[in-house]
Amino acid sequence: MDGRNRRPGRRAAVIALAGLLLAGIAGAAPVAAQGGATFTLPIIDNARMWPIVGGLPNILVNKVLYSTLVKYDPNNWQPVGDLAERWTLSDDRLTWTFVLRRNVTWHDGRPFTARDVKFTIERLWLNPQVAFFQRGNIAEISRVDVVDDHTVRIVTRVPFVTLPVMLGYLTNILPEHILGAYTAEQLRNPVEFLRQPIGTGPFRFGESVLGSHVRLVAYDRYFGGRPRLDAIVFRVVADLEQQLAQLQTGQLDLMIIEPPQVPLVQRMPHVQVVNAAQVNYTFVAFNNKIEPFTDRKVRQALTHAVDRKAILDKIYLGRGRLATGPINPLVQWAYTDRVHQFPYDPALAQKLLEEAGWQRGPDGIRRKGGQPLRITLDVDRGNPVREQTAVVVRQYWRDVGVDAEVRISEFNALLSRIRSRPNPLQTWTLWYITPPEADIMGYYHSTGTLNEFGYENPELDRLLEQGRATADPQARARIYQQAQRFMAWDAPVIFLVYPAEIQALNRRVQHWVPMGYRDALTHMTGVTIGR
Amino acid sequence: MLRYLSRRLLQTAALLLVVSVVVFALILQAPGGPSILLDRNLGADEIARMRTILGLDQPLHVQYARWLRQVLGGNLGVSYTAGLPVREIIGQMLPNTLVLSLAALLLSLAAAIPAGVATAARPYTTFDHAVTFLCFFGVSIPVFWYGLMLIVLFSIVLGWLPPGGMYTIGGPRDLADLGRHLVLPAVVLGTANMAIFARYTRSSTMAVLREDYVRTARSKGLRERAVLYRHAFRNALITIVTVVGLQLPRLVGGAAITETVFAWPGMGSLAVRAAFERDYPMIMGITLVVSAVVAASTLVVDLVYVYVDPRIRYE
């Protein structure tokens, strides 16, 4: 082979490449071409369509692919039937009877029955060999009895009146007729099922192209009627700037933005900004197990020292509401704001610190028994709201004589530190998204599995236990109002804001339900796309 | 030659083993755990149970031994996040990355070699200075910013090209569609290499142009073009082959930033996500495949030398 023989090959390659690139430019007509009525939203990684494990991409896709026994009413966030038509509670408050819809079919055409419910709860959620990520919410279930094809009885160990709410929270029902024969190992890694997942949701599996997208198409025999959209596409777009570019060019119909992006998105004429309601709150947590946070006066002082209103106005751009406690106002029946408020009052904060024995030293730093009041505030990297909050809170604390520092680390690393026992952190700022429930036992009861605050208080424990066992709605409401008053005074964490989820939504999307998109995705059948 | 080859292959196997041990030890020491354990509503019991199921409660060497046994059996494990076999995921990402990086490589060579040779022939002229300036610009420009600027210009302002992805979803998936999605990332990825290749081509061609045989060729009365390309450039090629060879691993490893900025479904963006999510089987699989290709490509480059330069022989 000499040079002359090799040349044509190389030249051909160059020409082919040039051709490809030119074809690209020439064929560059309409970028935003979308076939039919397809709703497109981003996910940050490949979704695993297996609702037993968590992760936001999975959660979002599973919302439309599968169904739950109940879902939440967009108006009052109360549980309403999804796969279940109605339910009743026995007099001993231990046995729930759920009557199921009769016209439900799986995406392969097989009928949905009570056996699917029994299988999902007993063989998947409660199976110790399969780790279900929401098990904490339903762990009180002891067994499920099939009464007939369309009736199940769910029995709990102790009275657990929040069960219907929990059965709407990330608890998708899976098909017994496919998975019933799986071994425990297959149930942990259902590779074959994931290639062709079968659900009962309004959209069935279309295709999944790794790294690119998941496409779900309307299921004609959906029990709630065929969706008006033809398809939902979840595009894998990890980069926020790329998401914004695709929103701008119309390739994405929805993305969730942070306050700093609001002005940019408001300049896009075809996009509207929606403040969507979500059951959540943001907080600055104290490690209640260690000094000085074991002292209520210190916790109250550090709360009074922070201008939360300014944080809401300047950092959240007003998109949210000042938090008064761990129960979100969307849980209307239980929420009360008639609790101890913590207005910004640095003078009071200083007074409380002095009462707690922390006196200012010559350098302005407070000391007690020679020990300086030194507090590190941990925050995860990358979220502008939380990072700014941490920096601002540090300054407020410094103003009252605290030697405060901010430490920024990767979310992954931060959460593992919070979860290590004993928790080595002093204070940190994060958020919680919770079921639309007043039952906060998991977070603040001394035995709560999610109680990362190290908070233990026998009085609150007793209230929370009562609340869980009380069926009468008015009595329950009174119990949780008392719990909120108690917590507001005791200040186990600084409750910051109930933030809105800021959705950037293409104006051609109509009938979108203004809930946080996790829940809006359970109300997709009426959504349409205009021209 | 055969003995040389088998010795190199043995060395490669040993190298892969060392790389895998080091990477395994490093990623398991990284703070934080797999992202599937990071759900805010996951209690301590469930985390413990999932760690047991994933085998993360075992000592490091036991976990490594189990992984190695799997790999020797031809199984790279199952991705924590996608829930699919790692081999399958890499198998789908690798061709996408090859398309992008080959396009970028060819693009950069097609521009860099003529530019390099031309500047070598007329060094220190205005033309040379202009190309040199462009080269420095190309090397220095931050990829994510450059990518974003191209997106703003060509996708948002002009509306000519899509900002990201590989195909129009629900579209025809033909070559024209691929080409439209390929232009911007290929240009971004090719720019830095273009600059490097042009500089190397220029300097090695200039060195060769000072050789005696080039003077001989000129004194024979050969046309300047023939002198440049048939005599000087062919001898300058050995440097270029080395430099291009060093870039080969990138063809497979993917360009993490470019792929992420353009949402290109390739190995680079896959590796970034896997690292953030502590998807151990995925990280290990990518590492193994990429280092195998690195080792293979250096071997190929060494063999190509024999062809390019008859003086080099392996015994």
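## Basis

Residues are numbered from 1 along each chain as its sequence is written, and chains are lettered from A in the order in which they are written. In this predicted model local features need pLDDT of at least 70, side-chain atom pairs count only at pLDDT 80 or more, and totals for chains, interfaces and linings use all residues, while side-chain values use heavy atoms, without hydrogens and water.

## Helix 18 of chain A

Helix 18 of chain A spans residues 473-490. Helices here are DSSP runs (H or I, at least four residues). From first C-alpha to last, helix 18 reaches 25 Å, close to the 26 Å expected at 1.5 Å a residue. That expected span is 1.5 Å times one less than the number of residues.

Several of its residues are buried, including Ile479(A), Tyr480(A), Phe486(A) and Met487(A). Buried means under 20% relative accessible area (1.4 Å probe, protein chains only). Just after the helix, Ala491(A) takes a positive phi of about 50 degrees.

## Nonpolar cores

The largest nonpolar core has 154 residues. Such a core joins buried Ala, Val, Leu, Ile, Met, Phe, Trp, Tyr and Cys residues through side-chain atoms within 4.5 Å. Helix 12 (residues 280-308) of chain B gives the most to this core, with 7 residues. A second, separate core of 34 residues includes Ile311(A) and Leu352(A).

## Between the chains

Chain A and chain B bury about 5800 Å² between them. This is the accessible area (1.4 Å probe) lost on being put together, summed over both. Carbon and sulfur atoms give 59% of it.

The count of salt bridges between the chains is 5. Each has a side-chain nitrogen of Lys or Arg within 4 Å of a carboxyl oxygen of Asp or Glu. Glu452(A) forms a salt bridge with Arg40(B), with the closest N and O atoms 3.0 Å apart. Helix 1 of chain A gives the largest share of the side of chain A that touches chain B, 9 residues.

Conventions:
Helices (H or I, at least four residues) and strands (E, at least two) are DSSP runs, numbered from the N terminus. Buried means under 20% relative accessible area, exposed over 50%, partly exposed in between (1.4 Å probe, protein chains only). Buried area is the accessible area (1.4 Å probe) that two parts lose on being put together, summed over both.
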